[in-house]
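User: Please guide me through the structure shown here, taking one topic at a time.

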Amino acid sequence: MHSRVSLLIVAAAFLAACGGSSAAGTLSPTPLSGTISVFAAASLTASFTALGVSFRTANPGVAVKFNYAGSPTLVTQIEQGAPADVFASADTPNMDKLTADGYTSGTSRVFAHNQLEIVVAPGNPKGITGLADLAKPGVIYITEAPTVPAGKYSLQALASASVKVTPKSLETSVTAVMSKIELGEADAGIVYTTDVTAAGNKVAGVQIQAANNVIASYPMAAVKGTANSAVADAFIAYVLSSKGQSTLATFGFLPAA
């Protein structure tokens, strides 16, 4: 009897040291806590904001702050010392640059794909039907700077369709292009399908033929020196999970695989 009591005491002490046990007899994981800052491409604004809400719901002890901008702008900010824990890029070259410069931790993972779409005002008043119409007289076309992933992809799409058009302005992000279309400051621009979807009835979209479209790959990685690697890694894993992928799909993103 004495030996049985001793064994029970030892077992209880072991479980207490390990953080307790669940009703099923398995050890409970340590809850995540703390804050992370996610630097994400501007085209991820709506989807990552939603992902942040659901991630915090699943992990009440954490807080996620987002900084949205064009991918090259985010790279510059990180390399100049801005505090970031996770970087999500709209292309691989910007992620590769950050990695080559020694600012990422671990291997980056592609978590989504995207494609281009022409954005116009509601009702499409200029009658844009495809890339060729962007060069029509009287059409004010704007796009992102070539250093911005969407701007680079737009140039590739236009070249594929043999369309030559001079944009009236070069913006720093897709959100800047979207804003000018919504305000009526331009007639058309090239953004991502997800941007058109997120804007709802504020704009209209014109599909680009598959033969001329460009598929964008979105990689993400933890930033080297993150103050909260556990939460950073957990957020990345959440985005890559089936639930995270389902959320991204509702915003028009194509699967990571």
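**Overall picture**

User: What share of the contacts in the chain with a separation of 6 or more is accounted for by residues 24 or more positions apart?

Analyst: A contact means heavy atoms within 4.5 Å. This is a predicted model, in which local features need pLDDT of at least 70 and side-chain atom pairs count only at pLDDT 80 or more, while totals for chains, interfaces and linings use all residues. Residues are numbered from 1 along each chain as its sequence is written, and side-chain values use heavy atoms, with hydrogens and water left out. Among contacts with a separation of 6 or more, the share that joins residues 24 or more positions apart is 76%.

User: What is the average pLDDT of the chain, and over which residues is the pLDDT below 50?

Analyst: pLDDT is the predictor's confidence in each residue, on a scale from 0 to 100. The chain averages 90, and 89% of the residues score at least 70. A stretch with pLDDT below 50 has eleven contacts in the model beyond near neighbours in sequence, and this stretch is residues 1–28.

User: How many helices and strands does the chain have?

Analyst: Helices (H or I, at least four residues) and strands (E, at least two) are DSSP runs, numbered from the N terminus. On that basis, the secondary structure comes to nine helices and nine strands.

User: How is helix α3 oriented relative to helix α4?

Analyst: Two packed helices are described by the angle between their axes and the distance between the axes. Axes are lines fitted to C-alpha atoms, for helices over the stretch in contact, with angles running from 0 to 180 degrees between N-to-C directions. Helix α3 (residues 71–79) and helix α4 (residues 92–100) pack at about 10°, with axes 9 Å apart. Angles under 35 degrees count as roughly parallel, over 145 as roughly antiparallel, 65 to 115 as roughly perpendicular and the rest as oblique, so α3 and α4 are roughly parallel.

User: Which residues of α3 and α4 meet, and what classes do they belong to?

Analyst: From α3, S71, P72, V75, I78 and E79 meet N94, K97 and L98 of α4. Ala, Val, Leu, Ile, Met, Phe, Trp, Tyr, Cys and Pro count as nonpolar, Asp, Glu, Lys and Arg as charged, and the others, Gly among them, as polar. By class, the contact has four nonpolar, two polar and two charged residues.

**Individual residues**

User: Which residues of helix α6 are buried?

Analyst: Helix α6 spans residues 174–182. The cover over its buried residues includes β4, β5, α5, β6, β7 and α7. The buried residues are V174, A176, V177, M178 and I181.

User: Is V174 buried or exposed?

Analyst: V174 lies in helix α6. Not counting residues up to four places away in sequence, V174 touches A42, S43, E144, A150, V191, Y192 and D195. With a relative accessible area of 3%, V174 is buried.

User: Is L51 buried or exposed?

Analyst: L51 is located in helix α2 (residues 45–58). Apart from residues up to four places away in sequence, L51 touches Y238, V239, G244, T247 and L248. At 0% relative accessibility, L51 counts as buried.

User: How far apart are the C-alpha atoms of F251 and A50?

Analyst: F251 lies in the segment after α9 (242–250). Leaving aside neighbours within four places in sequence, F251 is in contact with A46, S47, A50, T194 and T197. F251 and A50 are 201 residues apart along the chain, yet their C-alpha atoms are separated by 9.8 Å.

User: Is S162 buried or exposed?

Analyst: S162 lies in the loop between α5 and β6. Its phi is near 55°, a positive value in a residue other than glycine. With a relative accessible area of 66%, S162 is exposed.

User: What is the relative accessible area of K164?

Analyst: K164 is placed in the loop between α5 and β6. K164 is exposed because residues over 50% count as such, and its relative accessible area is 81%.

Notes: Buried < 20%, exposed > 50% of the residue type's maximum accessible area, 1.4 Å probe, protein only.
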